[in-house]
Amino acid sequence: LDFSSSPFSRGQPRVGVDRGPDVIRAAGLVHRLHEQGCAVKDYGNLTFEEVVVDEPVGAVKCVRAVGSANQRLSEAVQNVKRDGHTSVLLGGDHSLAIGSIHGHSAAVGDLSVVWVDAHADINTPLTSPTGNIHGQPMSYLLHELQSKIPVLPNFTWIKPCVSAKDLVYIGLRDVDPEEHYILKLLGVKVFSMSAVDQLGVARVMEETCDYLSARVKKPIHLSFDIDAIDPSITPATGTPVVGGLTYREGVYITEHLCQTGLLSAVDMVEVNPLRGQTEQEVQSTVHTAVDLLLGCFGRRREGNHSSDYILPEP
Ligand SMILES: [Mn+2]
């Protein structure tokens, strides 16, 4: 599997989320993936050209910077996928899902998207209450919303590439009224925190995979916002919301998706070390992000061993 990481923060207003990739690396992610038998290539941090003049377009902030960073990211993800590898994006803020999912789809065709998040991130530029693009990425990617998206500078390269029927949300608990309308209008499959409470995470994952593979099995893109996990465990993030997934529920989601054999790209976003009140809060957030990624790539809590292990004889 191959990393692209994008120390990019212009999809939202808080400083620090661009430091997410480096703290996840510093926690030993690449070494630990090697240890569990994964061949890993780290492409290092993508660098983005500085956009000097980036006045809001309507209410939408940093449009040009977000557009050009995602175009670059899309090309990087396309290269990883065309080489036949699994793509891992370390963010950065969730606006990066635009380039990550676009690039993934451009290389492999139709995708299933599993979006694990406290928020739906499906505001259009015209419904967004904040103008921050990290609350909007899904709206640019869905075929069904194409007619609702105005022309924006540095966004013209984006082609919608996901159908509403191929998208599943897990963990939602802070959805704007406009977003709730869109989710109902398009009939998007949503497992909110209420559904997780009602069904349990095992049934949620079973139903997620049944739903996504009912017609044809497509490669899965997992876009994991660390704010899906409860802020008692992952407080170092920009928009924490109480009442989230437990550590165990989060890890279960990754273990289950790994076992489908269809996981083709993963985003891990919104880890912001400057939002932790203490070093312990930062470490808890970062270690959870690492464990979620290890779960995506074969780590099982029952234990693992390599297939060629030979028990030593005296
Ligand atoms: Mn998000």
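The following dialogue goes through a few features of one predicted model.

Biologist: How are two packed helices described?

Modeller: Two packed helices are described by the angle between their axes and the distance between the axes. Axes are lines fitted to C-alpha atoms, for helices over the stretch in contact, and angles run from 0 to 180 degrees between N-to-C directions. Helices (H or I, at least four residues) and strands (E, at least two) are DSSP runs, numbered from the N terminus. Here helix 8 (residues 201-212) packs against helix 9 (residues 247-259) at about 35°, and the axes are 10 Å apart.

Biologist: Which residues of helix 8 and helix 9 meet?

Modeller: Contact means heavy atoms within 4.5 Å. From helix 8 come V201, A202, M205, E206 and C209; from helix 9 come E249, Y252, I253, H256 and L257. By class this contact has 7 nonpolar, 1 polar and 2 charged residues (Ala, Val, Leu, Ile, Met, Phe, Trp, Tyr, Cys and Pro count as nonpolar, Asp, Glu, Lys and Arg as charged, the others, Gly among them, as polar).

Biologist: Which residues coordinate the manganese ion?

Modeller: Donors are N, O and S atoms within 2.8 Å of the metal (3.2 Å for Na, K and Ca); water is not among the atoms, so sites may look incomplete. In this model H94 (ND1), D117 (OD), D121 (OD) and D225 (OD) coordinate the manganese ion at 2.0 to 2.3 Å. Their spacing in sequence is H-x22-D-x3-D-x103-D.

Biologist: Is H94 buried or exposed?

Modeller: Buried means under 20% relative accessible area, exposed over 50%, and partly exposed in between (1.4 Å probe, protein chains only). H94 counts as buried because its relative accessibility is 0%, and D117 is also buried, at 0%.

Biologist: How many disulfides does the structure hold?

Modeller: A disulfide is a covalent bond between the sulfur atoms of two cysteines; the criterion is a pair of cysteine sulfur atoms within 2.5 Å. The structure holds 0 disulfides. For C296, the nearest cysteine sulfur is that of C258, 7.5 Å away. C296 is buried, at 3% relative accessibility, whereas C62 is partly exposed, at 21%.

Technical notes. Residues are numbered from 1 along each chain as its sequence is written. This is a predicted model: local features need pLDDT of at least 70, side-chain atom pairs count only at pLDDT 80 or more; totals for chains, interfaces and linings use all residues. Side-chain values use heavy atoms; hydrogens and water are left out.
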